[in-house]
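Subject: Structure handover

Dear colleague,

Here is the structure you are taking over. Please have it open while you read the notes under it.

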Amino acid sequence: MLSRLTGCAYLQTHKEGPAHLNKSLICLPMDTPGIHLAKRIDKMGMKSSDTAVIFLDDVRVPAKNIIGEPGMGFTYQMLQFQEERLACVALAMTPMETAINQTIAYLKERKAFGQPLISNQYIHFGLAELLTDVEMLRAGLYRATENHVAGEDVTQLASMCKLKVGRLVREVSDSCLQFWGGMGFTNDVAISRMYRDMRLISIGGGADEVMLGIICKTMGILPKPNKQAKK
């Protein structure tokens, strides 16, 4: 399996210089001698995306495998973060819509006390609020994307959208699963998979707490660390 894959490694390539200028991005064919797959990690969600412990033992690749300029790996990573975070938001929109729509369809069929569950005001009001939040997030995503394409700095807005999607996707999946009742707790329906898989969004691409720190920094309200006086 590894012979058909090429990875992108973020590795230190220079012994000298500051930490942010001594690392590079390198294309790494996974069948290169010295690459060892130690074990695959069993995750609670995202089962179709392998995560593994990999050891590199005296691995050598040609210098042409360096992406861009040597030593610029950290900078390249920082430059792509806003697009990565906006992508996280965009990729979550359809799953959230799907969860809401599938839940509505199920609740129209599922009856309790002589009427469909969807007739319960608490339930249909709750679904209305969820979809409202999804559409508000979509507006923020479109604005951030348009500004980014125009060359503007969207660090604050992208971080806000990323923070919101991580929290909203958890609210949508949890609320919809609750409306499915016992069926939602089975692996026979998609909502249980969404509940597991989408939990990663609040962690990957910058955790919620990191997003809050960035937003505070752009607002000018993040406390500066105390520097010890030089002796």
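Predicted model: local features only at pLDDT ≥ 70, side-chain atom pairs only at ≥ 80, totals over all residues.

Residues are numbered from 1 along each chain as its sequence is written, and side-chain values use heavy atoms, with hydrogens and water left out.

Helix packing

Two packed helices are described by the angle between their axes and the distance between the axes. Helix α1 covers residues 73-109 and helix α2 residues 121-149; they pack at about 160 degrees with axes 10 Å apart. Helices here are DSSP runs (H or I, at least four residues) and strands are E runs of at least two, numbered from the N terminus. Axes are lines fitted to C-alpha atoms, for helices over the stretch in contact, and angles run from 0 to 180 degrees between N-to-C directions. α1 and α2 are therefore roughly antiparallel (over 145 degrees; under 35 is roughly parallel, 65 to 115 roughly perpendicular, the rest oblique).

Among the α1 residues that meet α2 are L86, M93, I100 and T103, and the α2 side includes L127, L130, V134 and L141; contact means heavy atoms within 4.5 Å. By class, the contact of α1 with α2 has 16 nonpolar, three polar and four charged residues. Ala, Val, Leu, Ile, Met, Phe, Trp, Tyr, Cys and Pro count as nonpolar, Asp, Glu, Lys and Arg as charged, and the others, Gly among them, as polar.

α1 also packs with helix α3 (residues 155-180), at about 20 degrees and with axes 9 Å apart. That makes α1 roughly parallel to α3. The contact of α1 with α3 has 18 nonpolar, five polar and two charged residues.

T103

T103 lies in α1 and is buried, at 0% relative accessible area (buried is under 20%, exposed over 50%, partly exposed in between, with a 1.4 Å probe and protein chains only). The T103 side chain reaches the backbone oxygen of A99 at 2.6 Å. Leaving out residues up to four places away in sequence, T103 touches L127, C176, F179 and W180.

Loop residues

Most residues other than glycine have a negative phi. M46 has a positive phi of about 50 degrees; M46 sits in the loop between β3 (35-40) and β4 (52-56) and is partly exposed at 26%. D58 has a positive phi of about 55 degrees, lies in the loop between β4 and β5 (66-67), and is exposed at 63%.

Regards

Note on methods
Polar contact = N/O pair within 3.5 Å; in protein donor to acceptor, adjacent residues only side chain to side chain.
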